[in-house]
Amino acid sequence: MAGKNRSKLSETTNISQLTGCIGAELTGFELDRLDKFDAAFIYKALLKHQVVFFRDQNFSPSSLVSFAKRFGRLETPHAGLRRLPRHPNLILVETKGGIGSAKYNEIWHSDGSFNFTPPKITVMQAIKLPNVGGDTLFASMYSAYNSLSKPIKKIIHKMEAFHDGVNAFRASFIDPDTKRAAVDGEDKLKRMQSDYPGAIHPVVIQHSETGRKALYVNRLFTTRILGLSDVESRNLLNLLFEHAEQSTFQVRWRWTKGDVVMWDNRCTMHFAAMDYGKKHRIMHRATIRD
Ligand code: OGA
Ligand code: MN
């Protein structure tokens, strides 16, 4: 029997783990009709599995906002991202004719790691998909950290790295046809430069809620390890990127329309496969503050 303080859905859901490292599909949820106990149950599953997947959640952008807000305050999208016209906190992740978000999302990253306080969670809903392709891959940075050899763990212990957002989003400020600044491109670039000067984070972070250690560098945003020469920094970063990007630490999600995926940015990275040519793909995204 579901007790007064228990999630009723927790009694009927099936949590199906997708790999030995990361990812679980939760069934039986309608994310637009949760009570606070259900939300707490989902959050607990997220902390454990790092990314949780829900099929068939064909609800409106307002419902996506309400769902995301159950887990914290939403971030305002930066100038390099597009917003949904009537939902300023929702990001329109769109690729069409080979142009759009795929430009920067097809590089392994953790969302907003260039923020002083990076977002804790991202929620994404599939709105329009190519008939095949456009999967998203997720990697466990707990597993990446744990499987490093002892000597490398010792070397990176207490190291810090710089994360830069402006360079990663440079393509958003340029017109793909003329290769010159897009309409408002220069203004947006200036705004991005002043609002997001980049941030320094430890190379190994400790998750504030699980207490587990995670590797925290990513190929899209991490540009420099502090205290090393250029050559040392570049090569050590490359070693860590290549290590963390191994298939063993990954799960790959094949989207169907209406799927909602929620990931913990503190212990995962992700990668959007651009294997659908000029076809149209749209996702809605909400980013939740830490
Ligand atoms: C993003 C992102 C992945 C995808 O919007 O931050 O990484 O599959 N998207 O579109
Ligand atoms: Mn992303």
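**Ligand and metal site in a predicted model**

Biologist: Which residues surround ligand 1?

Modeller: This is a predicted model in which local features need pLDDT of at least 70, side-chain atom pairs count only at pLDDT 80 or more, and totals for chains, interfaces and linings use all residues. Side-chain values use heavy atoms, with hydrogens and water left out, residues are numbered from 1 along each chain as its sequence is written, and chains are lettered from A and ligands numbered from 1 in the order in which they are written. With a residue taken as near if one of its heavy atoms lies within 4 Å, ligand 1 is surrounded by V93, N105, H109, D111, M124, T136, H270, A272, R281 and R285.

Biologist: How far from an oxygen atom of ligand 1 does a polar side-chain atom of T136 lie?

Modeller: A polar contact is a pair of N or O atoms within 3.5 Å. For N105 the distance to an oxygen atom of ligand 1 is 3.2 Å, and for R281 a polar side-chain atom lies 2.7 Å from such an atom. For T136 the value is 2.5 Å.

Biologist: Which residues coordinate the manganese ion (ligand 2)?

Modeller: Donors are N, O and S atoms within 2.8 Å of the metal (3.2 Å for Na, K and Ca); water is not among the atoms, so sites may look incomplete. The spacing of the donors along the chain is H-x1-D-x158-H. At 2.0 to 2.1 Å, the coordinating residues are H109 (NE2), D111 (OD) and H270 (NE2).

Conventions. Polar contact = N/O pair within 3.5 Å; in protein donor to acceptor, adjacent residues only side chain to side chain.
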